[in-house]
Amino acid sequence: MENNKPSEHDITEVVAQHPSENGVVKVISHGKVHPPFSVLWATVLYCAEFICAAELSSRYHASENVVWMGLTITFMLVPSVLTQLTLTFVHRDLGRDRPLVLFMHLLQMGPIIRCIEALVVYYQAGKKEEPYVTISRKIKLKHGKGLGSALECEIGHSERKLAIHRNAFKRTAVIQAFLGSTPQLTLQLYATIQEKYFLSSRLALMIISLISIIYGALVCSVLAIQIKYDDYKVRMKPAAYLCMVLWRGLEIATRIITLVLFSSALRVWVVLVGLTNLLIFFFQPWVEFWARRASLPENIEKNFSKLGTTVVLCMVTFLYACINIFCWSAVQLDLADHDLVEKQPRWRCLAVYYTFRFMENVTLIILWYYFKSDFYVYVCTPLLVVQLIVCYSLAVIFMLVFHQFCHPCRRLFHYNVEDCLRCACCWKKKHSELPADHSEGPQEHESPDLTNHLTDRETDLLDDIMEAA
């Protein structure tokens, strides 16, 4: 006979009542705290990449490859230092008496001590009753539709501490991926082509770097969804993660291979291509900011002056540019907003980005094909060109599939992928039939109301409150 008695970690008190005047249903939840898997995974990736890079640097030193050694150490230490600064900034340790933690950060071992802290908080959670420190108010999504009433959940001390750790490691994962792993993978793949042989440590570093980049891109996509739909309780399904892994993996791998092949044939021109991409994506948010004549956001940090705020915004836009060089960042920066992110998704920006990126990749591949060296004489280069183009096309297809079928908030879109494609086809058809129908005069077509799902109400309120809690 099963024991249905709840454990100490699985106690939920639900106040079943009608929504209040502001449409809020109160849920007092002391449920089980989720393990900090994301913190542990980010720490494992950080340590694995750091160790492999150090081992490969010693190999380069032994073979007197000073250039490869110097670049490998640079791409190992720069993101590591930025990771330590990010963790220290998020946890505000400079104004606290924590010498051991600061010493570990100086030794570039900050993620390890932070991971240990998160695990200690997790294992101590629920052993004693904790007063709540804040209240989370979210609208539950069911089958992609927003239910009518918001749910209020109390957040305890342990859950809040773990949330801070998770948020900090999400930021460090993005920094590690696009300021460290991406240039590291590009460098090692280029070194492999130039030296014409594989090293076991170099291959291991390339694999770990690719995993780190894909994970960082996934974090960008999930953070973009959470920021844009902050009022909703978003839960990603396994199918959505699988689709994003295929989308991001194919996009990033194709982009890096294209750049490396192009650099092996036209070494000077690849610098021009990289700098052009960097400058365009770096200044694009600033040009929009100046065009709107907006002012700098306030309260990014209480102790920051206008100069400090500008420096932080420059670092954010630099990271944004580095991400967009290799893959879609999933967000558009709004430097006048407190969250620095545009809340409204713009399909036009997504379409323009992938259109120009596809054209650029095809151009670079074709240029490499005509100027390639004799090293590729034993490689079927036409097949390789076709494979790269097909892989990037598959990445775009998986991106469209994700937004059409797997996005957790797809029912909240005013227009989805199908609507955009239908509008494009209708626009072409309208322009082709315009001379014949011009005499009838313009006609107004009422757009379908795609937001009526927000008025749906849940009939069985108590069951959904229990499920959400």
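Ser209 is buried, with a relative accessible area of 1%; buried here means under 20% relative accessible area, exposed over 50% and partly exposed in between, with a 1.4 Å probe and protein chains only. This is a predicted model, in which local features need pLDDT of at least 70 and side-chain atom pairs count only at pLDDT 80 or more, while totals for chains, interfaces and linings use all residues. Residues are numbered from 1 along each chain as its sequence is written, and side-chain values use heavy atoms, with hydrogens and water left out.

**Around Ser209**

Ser209 sits in helix H6; helices (H or I, at least four residues) and strands (E, at least two) are DSSP runs, numbered from the N terminus. Leaving aside neighbours within four places in sequence, Ser209 is in contact with Glu49, Ser181, Gln184 and Leu185, where contact means heavy atoms within 4.5 Å. Ala48 is 161 residues away from Ser209 along the chain, yet their C-alpha atoms are separated by 9.3 Å.

**The chain as a whole**

Let us step back for a moment. The chain has 13 helices and five strands, and 42% of its 469 residues count as buried. Of the contacts between residues at least 6 apart in sequence, 75% join residues at least 24 apart. The accessible surface comes to about 27,000 Å², and 64% of that belongs to carbon and sulfur atoms; such areas come from the Shrake-Rupley method with a 1.4 Å probe, and for residues only the protein chains shown count as cover.

Rolling a probe the size of a water molecule over the atoms shows where empty space is left. On a 1 Å grid over the protein atoms alone, a cavity is a set of points where a 1.4 Å probe fits but cannot get out, and a pocket is an open set with protein on both sides within 12 Å along at least five of seven lines; lining residues have an atom within 4 Å of a point. Grid points are joined across faces, edges and corners, and a volume is the space filled by probe spheres set on the points.

There are four cavities of 30 Å³ or more. The second largest cavity has a volume of about 110 Å³, and its lining includes Ala42, Tyr46, Pro111, Phe169 and Tyr215. Helices H1 (37-62), H5 (157-195) and H6 (200-228) each supply at least two residues of this lining, with the largest share, four residues, coming from H5. By class, the lining of this cavity has seven nonpolar, five polar and no charged residues. Here Ala, Val, Leu, Ile, Met, Phe, Trp, Tyr, Cys and Pro count as nonpolar, Asp, Glu, Lys and Arg as charged, and the others, Gly among them, as polar.

The second largest pocket has a volume of about 860 Å³. It is lined by 26 residues, of which Phe75, Pro183, Thr186, Gly274 and Phe326 are the closest to its centre. Two or more lining residues come from each of helix H2 (66-91), H5, helix H7 (238-265), helix H8 (267-291) and H9. H8 gives the most to the lining of this pocket, with eight residues. The pocket lining divides into 20 nonpolar, four polar and two charged residues.

Thr43 lies in helix H1, and Gln84 has its place in helix H2.

| Residue | Relative accessibility | Residues touched |
|---|---|---|
| Thr43 | 7%, buried | Pro111, Ile112, Cys115, Phe169 |
| Gln84 | 4%, buried | Tyr46, His105, Gln108, Met109, Gly110, Pro111 |

Pro111 is among the residues touched by Thr43 and among those touched by Gln84.

**Positive phi in two loops**

Most residues other than glycine have a negative phi, and most peptide bonds are trans. Lys196 has a positive phi near 65° and lies in the loop between H5 and H6. Ala330, in the loop between helix H9 (306-326) and H10, has a positive phi of about 75°. Lys196 is exposed, with a relative accessible area of 54%, whereas Ala330 is buried at 11%.

**Helix H10**

The 25 residues of H10 (347-371) should span 36 Å at 1.5 Å a residue, and the end C-alpha atoms are 36 Å apart, which agrees. The expected span is 1.5 Å times one less than the number of residues. Among the buried residues of H10 are Trp347, Leu350, Tyr354, Arg357, Glu360 and Trp368.
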